[in-house]
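User: Hi, I'm new to this one and would like to go through it with you. Could you take a look at it with me?
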Amino acid sequence: MDPIIELDQLRIEFGKRRILQDLQGVLKGRCIGLLGPNGAGKTTLIHTLLGFHPPSSGTARIFGKDIRTEGKSIKAAIGYMPERDAFIANQTAVHFVRLMGELSGLPSEAALERAHETLFYVGLGEARYRKLGTYSLGMKQLAKLAQAIVHGPRLIFLDEPTNGLDPPARKRMLELIREIRDSGCAHLIFSSHLLRDVEECCDEVLILKDGRIAANVHLEEERKANRKFIEMETRGATPDFAESLSALGCEYAVSGSQRLKLIIQEGIEVRDLYKLAAERNVQIRRLNFKRDSLEDIFLKAME
Amino acid sequence: MAVYEHNYKPYEGVLTAGWSRFLVIPRYVYQDLFKYKLFIALFVLCFVCPLVYTILIYLHHNTSALTFFGISSADVVPINGFFFKVFTTIQTSLAFIFTVIIGPVLISRDLANNALPLYLSRPFSRWEYIFGKLSVLLILLSVITWVPGLLLFLFQSYLEGGSWMINNFWIARGIFMISLVWAVSLGLLALAFSAWIKWRTAASAALFAIFIIPTPIGFAIQAILGTTKGHLLNLGMAFNVMADEFFRTVNSEDYIFSLGEAWMVFLVYGLVCLYMLWRKVRAYEVISS
């Protein structure tokens, strides 16, 4: 897959404060989570990629285009949903989304058509003629998402899209993010504090800490790797059974009298383990895939 | 992505030209403004003076009408530089009122609603944003000032003959230049105050103050230091000097400063306003300490 974002020794300084420190890496995922504690530099990274802050040194490329020199053509291909409330005063949702579409280069009639479609898509169809000032927080978030996607961008930056949402609104927002991801028409950069939200939507995660990259994890690969680790609790297991597991092609470690930790090789299925256990008169009482959750990955990165 | 098809699709149609996108801003502002009856009434009122001037020019060339009203041709207002200067002064005063009404909220509302990141995350630069906002005032003030002024000039040329037009072309230049300088200056001042002053009333007061306060300061500097250079702060005076020069009328300010200095005053004010706008018009405020 072609890289979406390439970070090339990207550094951002505000006065004497260094916010991002020589970031280096390549992001390729369909939906890329941006994680980190407060002040880690997530929002600054997004703002820099959007061209709001010029890099102090280094650069970044989006779809192969340099943010220093090709900002305008990059912006034509991206959408941005800011974290804070951001609206044009005294406008209805359809008026607002249409204006944003026209500013992105859509002709007036096309922008109006897309504004209606987008508002229906995000679930604000019935409320599209209401003024934004009368919207609830959840509706405002959806309106912000609508303005970010009205022009059909190839890359969408979502800065804390589930902030302050009640459970149904959060569920709806995450559904929309997954739908856009699965459409295959756009990549998403999803900044959030909520690990569960990121885990539900993202296939790649960039973890920042103190302005540096603490980890860049491809969640799908990580999940595949996790499938190889198995924790097994047995009754009646003998050293002979462990040896036979080894003969089958598993690496094992005994933890406790009846507990085994296994790394199974390609081509070995779980049913092979059950079959072997049956042959040796061993009961498998519990069998878990040991899975590194995003929380584990995040906590490791923070160490 | 029709309304009944709930899926995400990219836009694959044609795009507008990048250079023309700043015009989206005035179009949306006018849509809002012309919803208000009071604004429409005020806008219509701005064309009363051009109507009166049209009648005056018509009467000037219609001897039968003059005879009907019992007016001798000697009593008719002469159509010259002074005639058009008075017209331009009236219309520019109305332009000031419009600026006071519209200008103070043009940027302050966007700042209050955090709208700048939405504009600037699109293929739309800070300069395009500023120029888009400026064009709201430039277009409106042009419609009030130099457009009717030049139409009057053409009407007079039509009635008087082509040679009058050629001999008095400097009047047309004066109408256009004075109105344009005034519109640009007012526009930049209004935007700069709008960007820096959140409260509408205070921004409107600042617009008045910028024309009133420099007068006593200029005279105070003249009285204390014995120099007239203090008047260089006075935009109104610079405007009068320019108008007198362009319309070839008597200088009401007794040439306290020259035309070159008047240009300089406008230039300096303009540059200061642009700097103020450049500092404030950003997606996000950066605290660098």
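User: How much area is buried between domain 1 of chain A and domain 2 of chain A?
Analyst: Keeping in mind that this is a predicted model, the area buried between domain 1 of chain A and domain 2 of chain A comes to about 1000 Å², and carbon and sulfur atoms give 73% of that area.
User: Which residues in domain 1 of chain A lose the most area to domain 2 of chain A?
Analyst: Those are A:Leu195, A:Glu199 and A:Glu222, which together account for 48% of what the domain 1 side buries.
User: OK, stepping back, where do the two domains of chain A lie?
Analyst: The domain assignment places domain 1 of chain A at 5-222 and domain 2 at 226-302, and their centres, taken over C-alpha atoms, are separated by 41 Å. The contact between them takes 15 residues from domain 1 of chain A and 10 residues from domain 2 of chain A.
User: How many salt bridges are there between domain 1 of chain A and domain 2 of chain A?
Analyst: The count is zero salt bridges, although one residue pair in polar contact is found across the interface, with both residues at pLDDT 80 or more.
User: And which elements give two or more residues to the domain 1 side?
Analyst: On the side of domain 1 of chain A that touches domain 2, these elements are α7 (195-201), β9 (204-209), β10 (212-218) and α8 (219-226) of chain A, and β9(A) gives the most, with four residues.
User: How do the residues on that side divide into nonpolar, polar and charged?
Analyst: The side of domain 1 of chain A that touches domain 2 has 11 nonpolar residues, one polar and three charged.

Conventions
Residues numbered from 1 in each chain as written. Chains lettered and ligands numbered in written order. Predicted model: local features only at pLDDT ≥ 70, side-chain atom pairs only at ≥ 80, totals over all residues. Heavy atoms only, no water. Domains from an automatic or database assignment. Contact = heavy atoms within 4.5 Å. Buried area = accessible area lost by both parts, 1.4 Å probe. Salt bridge = Lys/Arg side-chain N within 4 Å of Asp/Glu carboxyl O. Polar contact = N/O pair within 3.5 Å; in protein donor to acceptor, adjacent residues only side chain to side chain. Nonpolar A, V, L, I, M, F, W, Y, C, P; charged D, E, K, R; others polar.
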